Amino acid sequence: MIEEIAKLKDEALEKIFSAECEPQLEEIRVSLLGKKGSVSLLMRGLGQMNPTEKSRLGPALNGLKNDINNSISLKKSELRKKAIEEKLSSEWIDVTQPARERKSGSIHPVSQVTEEVIA
């Protein structure tokens, strides 16, 4: 069973690090840790095991779950950083161009009446 956990960990980490976008990463997370995910199914199986197997496999499964969560958060931050860099490289502002002219508002009605009375 420990070998299965190690194999599942290798496959999961490979999938996570090969993800190219956040939605794909979310699908991987759900397939591994979701309600019907492969890790969740193994965790549910702990309830039917005897205490010696639980004490041996429980920490291994928790470690697997933590490793997957950490890898997903690292990959997510990497993907977000990459998206920001792509956005910054595609957008730019030419600061050497003159500013756009701003249109002024109209004279306040009280000031206009005052000027008319004075005139």
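1. The axes of α2 and α4 sit 10 Å apart at an angle of about 175 degrees, so the two helices run roughly antiparallel. For that label the angle has to be over 145 degrees; under 35 counts as roughly parallel, 65 to 115 as roughly perpendicular, and the rest as oblique. Axes here are lines fitted to C-alpha atoms, for helices over the stretch in contact, with angles from 0 to 180 degrees between N-to-C directions. Helices are DSSP runs of H or I with at least four residues, numbered from the N terminus.

2. Contact is taken as heavy atoms within 4.5 Å.

3. On bookkeeping: residues count from 1 along each chain as its sequence is written, and side-chain values use heavy atoms, with hydrogens and water left out. Since the model is predicted, local features need pLDDT of at least 70 and side-chain atom pairs count only at pLDDT 80 or more, while totals for chains, interfaces and linings use all residues.

4. Confidence looks like this: the chain averages a pLDDT (the predictor's per-residue confidence, 0 to 100) of 89, and 100% of the residues score at least 70.

5. Now the core. The largest nonpolar core has 19 residues, and the members touching the most others are Ile16, Leu25, Leu32, Val39, Leu64 and Ile68. At least two residues come from each of α1, α2 and α4, with α4 giving the most, six. Such a core is a set of buried Ala, Val, Leu, Ile, Met, Phe, Trp, Tyr and Cys residues joined through side-chain atoms within 4.5 Å. Buried means under 20% relative accessible area, exposed over 50%, and partly exposed in between (1.4 Å probe, protein chains only).

6. Helix α3 (residues 38-45) has Val39, Ser40 and Gly45 as its buried residues. What do they pack against? The partners are α1 (2-18), α2 (22-33) and α4 (51-90). Val39 touches Leu8, Leu32, Leu33, Leu64, Lys65 and Ile68, leaving aside residues up to four places away in sequence.

7. There are four salt bridges in the structure, a salt bridge being a side-chain nitrogen of Lys or Arg within 4 Å of a carboxyl oxygen of Asp or Glu. One of them pairs Asp67 with Lys9, closest N and O atoms 2.8 Å apart. Asp67 belongs to helix α4 and Lys9 to helix α1, so this pair ties together parts 58 residues apart in sequence. Asp67 is partly exposed at 28% relative accessible area, and Lys9 is partly exposed at 29%.

8. Two further pairs sit within single helices. Glu26 and Arg29 form a salt bridge at 2.6 Å, N to O; they are three residues apart in α2, about one helical turn. Glu26 is partly exposed at 32% and Arg29 at 28%. In α4, Glu78 and Lys75 are likewise three residues apart, about one helical turn, and their side chains meet at 3.4 Å, N to O. Are Glu78 and Lys75 buried or partly exposed? Glu78 is partly exposed at 44%, whereas Lys75 is buried at 6%.
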